[in-house]
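Me: I am new to this structure and would like a close look at a single part, the place where the two chains meet. Please take me through it carefully.

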Amino acid sequence: MDGKIQIMVNGRKVVLDKSLPVAELWNRQAESGTPDITILNGFPMDSMDSAGLICDGDVVVFIRRGVMPSEDEFMSMLTARNSPALQESFKNACVGIAGLGGLGSHVATALARTGVGRLVLVDYDVVEPSNLNRQCYDASDIGRYKADALSESISRFNPFLKFVLHRLELNTENVFSVFADCDVVVEAFDKAEAKAMLVRSFACAPFHSKFLITASGLAGIGSPNEIQTRRLTRNVILCGDMISAAKQGEGLMAPRVMVAAGHQATAVLRILAGRE
Amino acid sequence: MKIILEFPGFLQLTTVESGGTMELEAGKTVAQLLDAFSISSDHQRYIIPIVNQEEKRLDYELQNGDHLFLYVPVGGG
């Protein structure tokens, strides 16, 4: 190519006469100031000066300050945060969330912020005033289906995530079809009977190739260090202290609920990354 | 035969310690073990027996060396 080099800048092909420092490339885009993040070949740069010269075939993404990125730019940003291999596995994944209360709403939020590509959100209930102490909803959501309110809330910070919403009660009849496309399912129910139903269903053939992340024991203000992640069976992972049931005098409070949800979300990501 | 028995504290199986080894007659099922601990059949249906990290039914016949975890989900979410 007569010494010319061809690179990609924010998804567009650019041909340069000669190699340039990244900072000069930014200036050629006629942008003022400095970008929020500069991503070179999937990795974030500490500063534009640290990158040296652009080489043929390089892929550069500038994320502008104060401007909502395009989908390609947004995905590049997540790739830079998570590393290319991890982000690929997160982006291609489908995760089901059974119950969108304290656990489910926080798990879905964490996975959406991390960059999981698809979520199947399931809850038959609407947002009530008593939910606001620990669940990811606003007062303006009261009376709305949790699946609708949560998907809209998530879309405000990750508008490119794809949802399947089910406003129904899960049971032994519908659970296999609702989560048929999911790689991992998060059990985030409130009632012990419903938790047991979902755990038992993961011993059945249709779910043998999938993982379940269940939770048990997260009420009160006991030490958060007692909430742990442990393997229950080959394809079921349990998060919680296994003891602290929600009851009079030991209610569900945001901090421990969020700790348990954090354990569940991390377990999901570890499975998607092939580390479990 | 001997098995390792693990259970959450609220089950209050006072004669054994969770995570410890216990002696058991050969041929006993999980349900018979729970009967011996005076756990009513009404309460037994909430218990999910996990044997060597595999979910089993209450009629599973325990084997020498099994690790039995009596999982009982508690409410809250």
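Reply: In this predicted model, A:Arg230 and B:Glu6 form a salt bridge, in which the closest N and O atoms lie 3.0 Å apart. The count of salt bridges between chain A and chain B is one, while ten residue pairs, both members at pLDDT 80 or more, are in polar contact between these chains. On the side of chain A that touches chain B, the elements that give two or more residues are helix 4, helix 7 (192–201), strand 10 and strand 11 (228–233) of chain A. Helix 7 of chain A gives the most to that side, with six residues. By kind, the residues on the side of chain A that touches chain B divide into 15 nonpolar, six polar and eight charged.

Taking the contacts as a whole, 29 residues of chain A are in contact with 20 residues of chain B. The size of an interface is often given as the accessible area lost when the parts come together. Between chain A and chain B the buried area is about 1900 Å², and carbon and sulfur atoms give 58% of that area. Of the area that chain A buries against chain B, 26% is supplied by A:Arg200, A:Leu232 and A:Met242, which is more than any other three residues supply.

Technical notes
Residues are numbered from 1 along each chain as its sequence is written. Chains are lettered from A and ligands numbered from 1 in the order in which they are written. This is a predicted model: local features need pLDDT of at least 70, side-chain atom pairs count only at pLDDT 80 or more; totals for chains, interfaces and linings use all residues. Side-chain values use heavy atoms; hydrogens and water are left out. Contact means heavy atoms within 4.5 Å. Buried area is the accessible area (1.4 Å probe) that two parts lose on being put together, summed over both. A salt bridge is a side-chain nitrogen of Lys or Arg within 4 Å of a carboxyl oxygen of Asp or Glu. A polar contact is a pair of N or O atoms within 3.5 Å; within protein, one must be able to donate a hydrogen and the other to accept it, and residues adjacent in sequence count only if both atoms are side-chain atoms. Helices (H or I, at least four residues) and strands (E, at least two) are DSSP runs, numbered from the N terminus. Ala, Val, Leu, Ile, Met, Phe, Trp, Tyr, Cys and Pro count as nonpolar, Asp, Glu, Lys and Arg as charged, and the others, Gly among them, as polar.
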